[in-house]
Amino acid sequence: MAERAGPQLYSIAAHRGFADALVAGLVPRYADGELGLARLTLLLPSRRTMRTVSEAIIRHFGNREAEEGSAKGLLMPRMAVVGDLDLDETLGPLLDPIGSDSAIPPAADPTRRWLRLAELIKLEQGADAPKGGALLRLAAELAQGMDRLLVEEIGPEELMQERVLDLLGELAGQWQNGIRLFARVQARWLAELFERGEVDAAARRNLLFRDAARKWRENPPATPIVAAGVTSAAPALARLLRTIADLPRSAVILPDLDLAMDAAVWDELGCAGAPEEPGGPPFERGDAVTHPQYHLKLLLNRMGVARGEVQPWHRRGEAAAPPERSHAISSLFLPPEASKQWAGLPPEKRRLSGVRVMESANPEEEAQAIALLVREALEEPEKRVAVITPDRGLAGRVAAHLQRWNVAADDTAGRPLSQTAAGRVLLLLAEIMAGHAAPVPLMALLEHPLAGAGERRAEWLENARKLERALRGPRSEPGLGAPGRIAAKLQLPDWWAEVEAVLAPLLELAAQDEAPLAGQIDALIAAGEQLCGEMLWAREDGRSLSAMVEELRQHARDVGTMLSPQDLHVVLRDRMDAVAVRPPWGGHPRVAIYGLLESRMSRADLAICAGLNEGSWPPIPAQDPLLAPPVLRALGVPGADFRIGLAAHDLAGALGAPEVVLSRAERDVSGPALPSRFLLRVKALLGGDLLARHRETRAVELARALDDAPPAPLYKRPEPMPSAEQRKVEISVTALDRLRSDPYQFYASAILRLRRLDALDAEPSPAWQGDAAHKILERWHDEGGALHPIAEQVLDELNAHPLMRGLWRPRLIAALDWIEAELARLPERELAGVEAWGEMEVMGVKLRGRADRIDRLPGGELAIVDYKTGKPPSGAMVERGFALQLGTLGLMAQAGAIKDVKRGPVQGEPTRFEYWSFGRSDKSETGFGYRQEPVKEDRKKTGLPREEFLAKTDEYLREALSLWILGQEPFTARLNPDLPSYDDYDQLMRLDEWMGREEEG
């Protein structure tokens, strides 16, 4: 390949396959006999691309040796990286040699800068500064903004230039405040850097690029340098690339610069850093920053190179697509005005042979269909498959579905540290601090896969499960006291003592308003190691966690960062979310799952571009929270939409594979999803006729059929028929109502003895609230005295959580005050029984129940009282025999079957049947509490007549016993579906499968 005069720049078209085409051209140009490529220096964008190019070199020489029938040694070129800012990579040793005597100052550590910026924000804003996690998040965003300006070589003084100051008056107040805060904090930080003799990492990067360019210009290296795949348009890097392009036998090779684009279309992209008039803005409002070629035009302008000076790279890789593909990609991304050409494009200009469009109903179906495409492709020998998606959730689904065929496909984009086993341990410990040992994080920690690891794991897990079952229900008091008492009742004192020794220091820290961040991390690490041992650090996630916490601890101690323990879990989660834990290599050799950054320069025979929905690919651009878009534009910084252009370029590169599948789901987890603008362009370019031929429907149909079982027969309404012996059970007065209204629920609870398992940290149920109210009133009736202290005492004994107490206590106290006042208005009544239990036999069946309160009236009659924390049953329900509790207790009292522990037997003729409700009432002086009788008298239209109340109850009772307990009536589910009912057994009765379809059976 003969060199021509001028800068040596080349472009590898998308259809050629960048890495393989690159190596195919480098070998004949730079290979040197026995030394191979050892004299060549390759400058690459990231460490990931070093691996990609290394694989391409090995593949190239392996194929050549196979053709020649001989095996020779291979010397690889020297590879260096410019460091990908998006991947948080540093420069390689070529540009930043160890032990260099350069006068370039060292870089400030990014973590220390983040923590110091938070302190400077506090100094600047004082009492108005955000607190805790919000403050550190603002500091991180401010640091990103500073780096954004530093990469563009924009100094702090430029914020004070006239072109920026003129904009301030037009901006909203929050933008003005944001710019002031940014400028002041940056000034404080730069002064601090000057004192320390350091510079920011982004500024040092620019200095190193500048220094390397100067050295190579003054003393050109004896061996060639090739910069390949570098597309960052940072000014300092652009000048370095121009220097490399001017060096003898060196070159700059760009990925997919469109050399065939019309000059008018190229001009339509905008000025891209080269204003038409001197002093004009480098970026105009109308620039097509979302175009995949825009950042390459910006790079060329900053290099001082015209597009016409770039030469095409004529070598191609093994996984190359037809040349027509590049023409179609160019047409696909035409800017708005030029896209009018689509109507008249000849077929060869919009030919997308080998490209298919696949649309699924939801992400699960999409992942299943993608997995099927991957599995099918693996049937072809040596065929490589790449699944490319920015949606990490979708990537995980695809990897999981591939496990069906024992295909291990690792997501090379990694998982956030916060989602790994080791990261979760520290996060859970921090959440326990913040929540004062709340049940959910406590049990998640104790049942964590790393907790109690080793030989005692089985015993540890058994103990934890026992504690979890006992902890289920409303949250108890904060701290370790309540679970400790439960553990003692479960006879787990030794195990709990071990757990308490781990967690007690954390809760001591949690009691402080603020504590040193370094000290809190020390406490978390100590607790994690006590709980998990060496397993906490043993795997790749543990090593990443170790590096993160060690760095954070060191700099937090140096800076003296103070933080509320309540905010520690938020801060740790933010830091962990930014750390990607990548799997060790060892997955399937021909399958890869990439993120967008990792996919650059990758090679595959089949590329599946997945998750093509708006907000995913392309992602929603993130606006700078402090610097307004007009300010950034005036400073010469590309806008937030610039990253959409990068995402478009990633898609254009992926479209260069021989086979491509563009995939999306019509819905995501939040609802209907909008197709990506890029996918809409593909559909528009193809048109209706061609689109139908490019649709991939077979994989979707297979995905639906793969797990599609034949239609299940209609499940009929359950009607269990237990034996006579099984039917003969004791009946409580409350279960009697359930027996008549929904026999199946009675069957499940009384015969099968199934009970609903409460959730951890459950909302206080009506049953729990009723139990608390009954205990308060029972103690008040028995002991007398003031009602409020008794209520507080009972709530303390029940370990009522402060939040629950704060929400429910006012209503409870108001209702209790009404009860106290109501009893004072009824002095003629005498208390005959409180929480009095009764038991009697009816037709040979034992009936038992408890009366909340029984009053003796002046004539010796009885009033049966039932407390309700909610709405009591209506008169219509009582009249139909579905709420018999008051009447059944009345029958027991009439028979002398009720006995109060302190007051003795209760016997008499019940004449009043009252519900005392804690519900809201406009007639109550406290706003809560009212008395109601389900008796039909006066103007009431529903209920039972008072004189027939007991007789009718007895009739309903005997009818129920005759039918279900002593008879052969089936326990039919939802026998009375119009009645209010609990949902405890809906899943057991498979309600959704037959409700409303009874007639079909």
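How are helix 18 and helix 19 oriented relative to each other, roughly parallel or roughly antiparallel? They are roughly antiparallel (angles under 35 degrees count as roughly parallel, over 145 as roughly antiparallel, 65 to 115 as roughly perpendicular and the rest as oblique). This is a predicted model, where local features need pLDDT of at least 70, side-chain atom pairs count only at pLDDT 80 or more, and totals for chains, interfaces and linings use all residues. Residues are numbered from 1 along each chain as its sequence is written, and side-chain values use heavy atoms, leaving out hydrogens and water.

**View 1. Helix 18 packs with helix 19.** Helix 18 spans residues 493–510 and helix 19 spans residues 517–532. Their angle is about 165°, and their axes lie 9 Å apart (axes are lines fitted to C-alpha atoms, for helices over the stretch in contact; angles run from 0 to 180 degrees between N-to-C directions). Helices (H or I, at least four residues) and strands (E, at least two) are DSSP runs, numbered from the N terminus.

**View 2. Residues meet between helix 18 and helix 19.** Ala501 and Leu506 are among those of helix 18, and Ala523 and Leu531 among those of helix 19 (contact means heavy atoms within 4.5 Å).

**View 3. Strand 15 joins strand 16.** There are 4 bridges between residues 606–609 and residues 659–665. Cys609 has Leu662 of strand 16 as its bridge partner.

Key
Pairing = 2+ DSSP bridges.
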